[in-house]
Amino acid sequence: MLGTVNLPEYVAGAAVVIVLPGPNSLYVLSVAARRGVRTGYRAAGGVFLGDSTLITVTSLGAASLLARWPLAFDAVKYLGAAYLAVLGAGMLRSSVRSLRARRVG
């Protein structure tokens, strides 16, 4: 059985969440403004794929699985933290390179 009790209501709610403006919309708009419409469509496709994956996994009961197995929850938590740390380090390196390039040129 799926993790949701009433699948049609869940799908309707998920569709509303995807359509509502928020950080994903701002991301797609900023990418399209900086790099063009074609790249903006690619960003929108990536956001849609990510949201669809998250909603599918959630509806299949991922929260119940993580609640039942604390080790799995810890693994997901620490992998997410490591991913964010890598992204942050990359952003810091990029800003340092940008500052150095401004000083030189």
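Colleague: Why does Lys 77 count as partly exposed?

Modeller: In this predicted model, Lys 77 has a relative accessibility of 39%. Buried means under 20% and exposed means over 50%, so at 39% Lys 77 counts as partly exposed.

Colleague: What makes Lys 77 and Asp 74 a salt bridge?

Modeller: The closest N and O atoms of Lys 77 and Asp 74 are 3.6 Å apart. The cut-off for a side-chain nitrogen of Lys and a carboxyl oxygen of Asp is within 4 Å, so the pair qualifies. The structure holds one salt bridge.

Colleague: Where do the two partners lie, and is Asp 74 buried or partly exposed?

Modeller: Both residues belong to helix α5, which covers residues 70-104, and they are three residues apart, about one turn of the helix. Asp 74 has 29% relative accessibility, so Asp 74 counts as partly exposed.

Colleague: How do you know that Asp 51 has no salt bridge?

Modeller: For Asp 51, in helix α3 (residues 37-59), the nearest side chain of opposite charge is Arg 34, 17 Å away.

Colleague: What makes the pairing of Asp 51 and Asn 24 a polar contact?

Modeller: Their side chains come to 3.2 Å. The limit for such a pair of N or O atoms is within 3.5 Å, so the polar contact stands. Neighbours within four places in sequence aside, Asp 51 is in contact with Ile 18 and Asn 24.

Colleague: What is the volume of the largest pocket, and which residues are closest to its centre?

Modeller: The largest pocket has a volume of about 290 Å³. Of its 16 lining residues, Val 17, Ile 18, Asn 24, Val 47 and Asp 51 are the closest to the centre.

Colleague: Which helix supplies the largest share of that lining?

Modeller: That is α3, with six residues. At least two lining residues come from each of α1 (7-19), α2 (23-35) and α3.

Colleague: Why is Val 28 called buried, while Tyr 10 is called partly exposed?

Modeller: Val 28, in helix α2, has 18% relative accessibility and therefore counts as buried, the cut-off being under 20%. Tyr 10, in helix α1, has 23% and therefore counts as partly exposed.

Colleague: Which residues is Val 28 in contact with, leaving aside its neighbours within four places in sequence?

Modeller: Those are Gly 40, Ala 43, Ala 44 and Val 47. Val 28 and Val 47 are 19 residues apart in sequence, and their C-alpha atoms are 8.1 Å apart in space.

Colleague: What separates the C-alpha atoms of Tyr 10 and Ile 55?

Modeller: The separation is 9.2 Å, with the two residues 45 apart along the chain.

Conventions. Residues are numbered from 1 along each chain as its sequence is written. This is a predicted model: local features need pLDDT of at least 70, side-chain atom pairs count only at pLDDT 80 or more; totals for chains, interfaces and linings use all residues. Side-chain values use heavy atoms; hydrogens and water are left out. Helices (H or I, at least four residues) and strands (E, at least two) are DSSP runs, numbered from the N terminus. Buried means under 20% relative accessible area, exposed over 50%, partly exposed in between (1.4 Å probe, protein chains only). Lys and Arg count as positive and Asp and Glu as negative; His and the chain ends are not counted. A polar contact is a pair of N or O atoms within 3.5 Å; within protein, one must be able to donate a hydrogen and the other to accept it, and residues adjacent in sequence count only if both atoms are side-chain atoms. Contact means heavy atoms within 4.5 Å. On a 1 Å grid over the protein atoms alone, a cavity is a set of points where a 1.4 Å probe fits but cannot get out, and a pocket is an open set with protein on both sides within 12 Å along at least five of seven lines; lining residues have an atom within 4 Å of a point. Grid points are joined across faces, edges and corners, and a volume is the space filled by probe spheres set on the points.
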